[in-house]
Amino acid sequence: MERALVVENFTAGYGKNAIIRNVHLTAREGTSTVIIGPNGAGKSTLLKAIFGLITVFSGTVTIDGQDVTRVTADRLVARGLAYVPQNGNVFPSLSIRENLEIGGYRQQHYPKDRMDQVFAIFPDLLKAARRSAGTLSGGQRQMLAMGRALMSDPSVLLLDEPTAGLSPSYTKIVWHHILAIAQTGKAVVVVEQNANTALSLADRAYLLVAGENREEGPAGELLEREDIGEMFLGR
Ligand SMILES: Nc1ncnc2c1ncn2[C@@H]1O[C@H](COP(=O)(O)OP(=O)(O)O)[C@@H](O)[C@H]1O
Ligand SMILES: [Mg+2]
């Protein structure tokens, strides 16, 4: 399996303030990688820095072997990266179809094929294609946000807390889709508060604490670690 996303010695933050320090992360194609850690650990900051939205002080990001450090967000989409922020990830006044069209607007050809692929992954969206996104439930909205990100056919998909606020059953549905997207060959990187569920389903995991790497390994192995369970998983 190729290493789709490689982050090394990564230090980034806001203004002059470094929040994450010397962080490393690798996500392979065809796999799901989950990032867990306490509130304020810097998980969202890491995704924002990878996606070129905040100041990178040092370190590197490569996608499919190409250096994209400090490439700005708008250009990163063309380099194979997609990012779904935790909030504000769909246009509520636009229809589902229009939201997807915007996600694919960089494609050279009319992205109908991609839209059909997205509808194949999320059949519920096809049924509701003409409805405005603002009428969707929280879970459906997350599906649309993921679908919109897939319209640019990224090799790496970054998701920030896609199950926040969802019921346990909808959380499982969203994860079912995350795993299905990974199966299509993409590297999916997911920041998760629902750490127990995520660790039981994802391939690999990183534990971030106070802006630094603390643990990493196969997700199932982190889940079984008693010390991690007591300190970070509420067991
Ligand atoms: N826009 C911002 N400007 C300044 N500091 C921020 C900003 N966003 C987050 N932070 C700070 O960065 C730290 C990490 O936040 P964040 O990455 O959101 O953590 P997590 O996603 O792990 O909960 C926190 O101390 C937070 O206060
Ligand atoms: Mg966060």
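Visitor: Are the residues L81, Y83, A82 and V84 of strand β6 buried or exposed?
Guide: This is a predicted model, in which local features need pLDDT of at least 70, side-chain atom pairs count only at pLDDT 80 or more, and totals for chains, interfaces and linings use all residues. Residues are numbered from 1 along each chain as its sequence is written. Strand β6 covers residues 81-84, a strand being a DSSP run (E, at least two residues) numbered from the N terminus. With L81 and Y83 on one side and A82 and V84 on the other, these residues are all buried (under 20% relative accessible area, 1.4 Å probe, protein chains only).

Visitor: Which helix gives the largest share of the shell around ligand 1?
Guide: The residues around the ligand include Y14, I19 and P38, each having a heavy atom within 4 Å of it. The shell divides into four nonpolar residues, five polar and one charged (Asp, Glu, Lys and Arg count as charged; Ala, Val, Leu, Ile, Met, Phe, Trp, Tyr, Cys and Pro as nonpolar; the others, Gly among them, as polar). The largest share, three residues, comes from residues 43-50, helix α1.

Visitor: How many Å separate a polar side-chain atom of T45 from an oxygen atom of ligand 1?
Guide: A polar contact is a pair of N or O atoms within 3.5 Å. The side chain of K43 places an N or O atom 2.8 Å from a ligand oxygen. For the polar side-chain atom of T45, the distance to an oxygen atom of ligand 1 is 2.5 Å.

Key: Chains lettered and ligands numbered in written order. Heavy atoms only, no water. Polar contact = N/O pair within 3.5 Å; in protein donor to acceptor, adjacent residues only side chain to side chain. Helix = DSSP H or I, 4+ residues; strand = E, 2+ residues; numbered from the N terminus. Buried < 20%, exposed > 50% of the residue type's maximum accessible area, 1.4 Å probe, protein only.
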